[in-house]
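Subject: Structure for your review

Dear colleague,

Please find below the structure that I am handing over to you, together with an account of what was found in it. I would be grateful if you could read the notes with the model open beside them.

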Amino acid sequence: SCHDVLFWKRYVDDTWVVLPEQHVQTFLQYINSIENSIKFTLERETDNMISFLDVSVTRSDNFSFETSVYRKKTHTNKYLSFHSHHPLSHKQSVVFSLLKRAEDIPSTDILKNKERRFVVSVLKANGFIPDFIKRCMLKKSSTPRLVLPHDGLVLLPYVKGISEPIKRVLSRHNIQVSYLPPAKIGELIPKPKIIRKPDLVPGVVYKIGCNDCPCEYIG
């Protein structure tokens, strides 16, 4: 029955698995016995729910599934500030990406609407004005813009009030313009590089031999 089935996942590549409860430990012991240098761990479901990447999966008693957006408890809801020195296209991308998750991940209309309301509140907390959010939502729901071939690509450092007129001029000549993000403080301050002796560098290369043939895997 569905009550005997348990979700679990391992932390090699975050694999999501559904197994009968009585087989979980047996399967875990088996895969951990294959190669001594590779050990698997698992996370069990809690209250019929488990997270997988940025998706929260919940099962009901009839074994149907609901999905919603998953956020870690340490998630701060901090995104690019609307008042930061970045082009509008970068700020639009923040809105589009959050709205796309709200549209693609939740499995029901109720969950989708709940996630959209949460996204709008988070964007406002990061300084996004309601009119800008509304325009982005209308633009996202409109017909996709046809991307025409261009004669070249130019990368410009973004300087508010200067980069935009340059982009408009180049666009008239069918030249695409992309903005480079401003340099961060960490990029401006040199970092001394510590050179370690080769025998002091921890496991950066490993070799696994095959049990059934002479082949070896080096990673």
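How many salt bridges does the count come to? The count comes to eight salt bridges. Please bear in mind throughout that this is a predicted model.

**Salt bridges**

One of the salt bridges joins the side chains of arginine 44 and glutamate 21, with an N to O distance of 3.4 Å. Arginine 44 belongs to strand β3 (residues 42-44), while glutamate 21 sits in the loop between β2 (15-20) and α1 (24-34); the pair links distant parts of the chain, 23 residues apart. Arginine 44 has a relative accessibility of 32% and counts as partly exposed. Glutamate 21, at 35%, is likewise classed as partly exposed.

Another salt bridge is formed by arginine 59 and glutamate 45, whose closest N and O atoms are 2.7 Å apart. Arginine 59 is part of strand β5 (residues 55-59) and glutamate 45 is in the loop between β3 and β4 (49-52), so this contact ties together parts that are 14 residues apart in sequence. Are the two partners buried or exposed? Arginine 59 is buried, its relative accessible area being 6%. Glutamate 45 also counts as buried, at 12% relative accessibility.

A further salt bridge brings together the side chains of arginine 116 and glutamate 103, at 2.8 Å from N to O. Here the link runs between two helices: arginine 116 lies in α3 (residues 109-125) and glutamate 103 in α2, 13 residues apart. Arginine 116 is partly exposed, with 25% relative accessibility, and glutamate 103 is partly exposed as well, with a relative accessible area of 33%.

**Helix α2**

Helix α2 comprises 17 residues (88-104), and the distance from its first C-alpha to its last is 24 Å, close to the 24 Å expected at 1.5 Å a residue. Within α2, the residues Lys91, Val94, Val95, Leu98, Leu99 and Ala102 are buried. Where do these residues stand around the helix axis? They lie on the same side of α2, because the arc that they cover around the axis is only 115°.

**The sheet β4-β5-β6**

Three strands make up an open sheet, in the order β4-β5-β6, with antiparallel pairing. From one strand to the next, the twist averages 25°. In general, the strands of a sheet pair through backbone hydrogen bonds, in either a parallel or an antiparallel manner. Between β4 and β5, the antiparallel pairing extends over four bridges. In one of the bridges, isoleucine 50 has valine 57 of β5 as its partner.

**Cysteines**

How many disulfides does the count come to? The count is zero. Cysteine 210 is in no disulfide, and its nearest cysteine sulfur, that of cysteine 213, is 3.4 Å away. The cut-off for a disulfide is a pair of cysteine sulfur atoms within 2.5 Å. Cysteine 210 is partly exposed, with a relative accessible area of 38%. Cysteine 136, by contrast, counts as buried, at 3% relative accessibility.

With kind regards

Conventions:
Residues are numbered from 1 along each chain as its sequence is written. This is a predicted model: local features need pLDDT of at least 70, side-chain atom pairs count only at pLDDT 80 or more; totals for chains, interfaces and linings use all residues. Side-chain values use heavy atoms; hydrogens and water are left out. The expected span of a helix is 1.5 Å times one less than its number of residues. Buried means under 20% relative accessible area, exposed over 50%, partly exposed in between (1.4 Å probe, protein chains only). The arc is that of the directions from the helix axis to the C-beta atoms. A salt bridge is a side-chain nitrogen of Lys or Arg within 4 Å of a carboxyl oxygen of Asp or Glu. Two strands pair if DSSP finds at least two bridges between them. Axes are lines fitted to C-alpha atoms, for helices over the stretch in contact, and angles run from 0 to 180 degrees between N-to-C directions.
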